[in-house]
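The report below describes the overall dimensions, the fold pattern and one selected element of the structure shown here.

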Amino acid sequence: MLPKLRILDEQNKMLRTVSKEVVFPLSEKDKKMVEDALKYLEMSQIEEYSEKYNLRPGMGLAFIQLGVPKRIFVVVNEIEDGIFERYVAINPKIISYSEERIYVEEGEGCLSVNRPVDGIVPRYARIKVEAQDLNGEVHTYRLREDLSVAFQHELDHLNGVLFVDKIDKNNPYRGRDTMRPI
Ligand code: NI
């Protein structure tokens, strides 16, 4: 069963909220929302379900996209056919990042942005992130390539920023030569 989630559209001003730090222990409601978001993303990446439920495949979701202004996001990464790696990041912080920049060649996507968007979003090629898990324990993640982009994209959500904000309106492909496409 597909979890029932109402994902806010970019028109919704709530997406501009700066989400608040999470205090532990997490409520049961928040834990359920984490589980639902992970399940939703997994299903969105499985063709059978994305077709059945007419879902756009998504890699990440931040709580604010579900209308909850807490510093929590989840990312689901398919490592092999049907095998998923799940990330839950609570109160995440970037503690270091690479000099090298990358961008997603086909363009970034967002489950809150329901239109095609041209242009490139500059991202760090590699980042080190510190985040708490569901129990409040701190973990360090070293991320590269698409996972690095996904984490930066979700971190932006926690600060009320959408990927479309980062595209230069007058010159959407500005800086392309200084960055590596992925
Ligand atoms: Ni997004």
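In this predicted model, the radius of gyration of the protein is 16 Å, which agrees with the value near 16 Å that a compact globule of 182 residues would have. Taken along the principal axes, the C-alpha atoms fill a box of roughly 45 × 40 × 35 Å. Further values for the whole protein are collected in the table.

| Quantity | Value |
|---|---|
| Residues that count as buried | 47% of the 182 residues |
| Accessible surface | about 10200 Å² |
| Part of the accessible surface belonging to carbon and sulfur atoms | 47% |
| Distance between the mean positions of the 27 positive and 31 negative charges | 7 Å |

Among the contacts in the protein with a separation of 6 or more, 72% are accounted for by residues 24 or more positions apart.

The protein contains three helices and eight strands, and these elements, when read along the sequence, follow the pattern α-α-β-β-β-β-β-β-β-α-β.

Helix 3 can be described in more detail. It comprises residues 145-158, and its 14 residues reach 21 Å from the first C-alpha to the last, close to the 20 Å expected at 1.5 Å a residue. How many of the 14 residues of helix 3 are buried? The number is 13, counting a residue as buried when its relative accessible area is under 20%, so helix 3 is largely enclosed by the rest of the structure.

Notes
Residues numbered from 1 in each chain as written. Predicted model: local features only at pLDDT ≥ 70, side-chain atom pairs only at ≥ 80, totals over all residues. Heavy atoms only, no water. Helix = DSSP H or I, 4+ residues; strand = E, 2+ residues; numbered from the N terminus. Rg over C-alpha atoms; globule rule 2.2 N^0.38 Å. Buried < 20%, exposed > 50% of the residue type's maximum accessible area, 1.4 Å probe, protein only. Contact = heavy atoms within 4.5 Å. Areas by Shrake-Rupley, 256 points an atom, 1.4 Å probe, with all protein chains shown as cover. Lys, Arg positive; Asp, Glu negative; His and termini not counted. Charge placed at Lys NZ, Arg CZ, Asp CG, Glu CD. Expected span 1.5 Å × (residues − 1).
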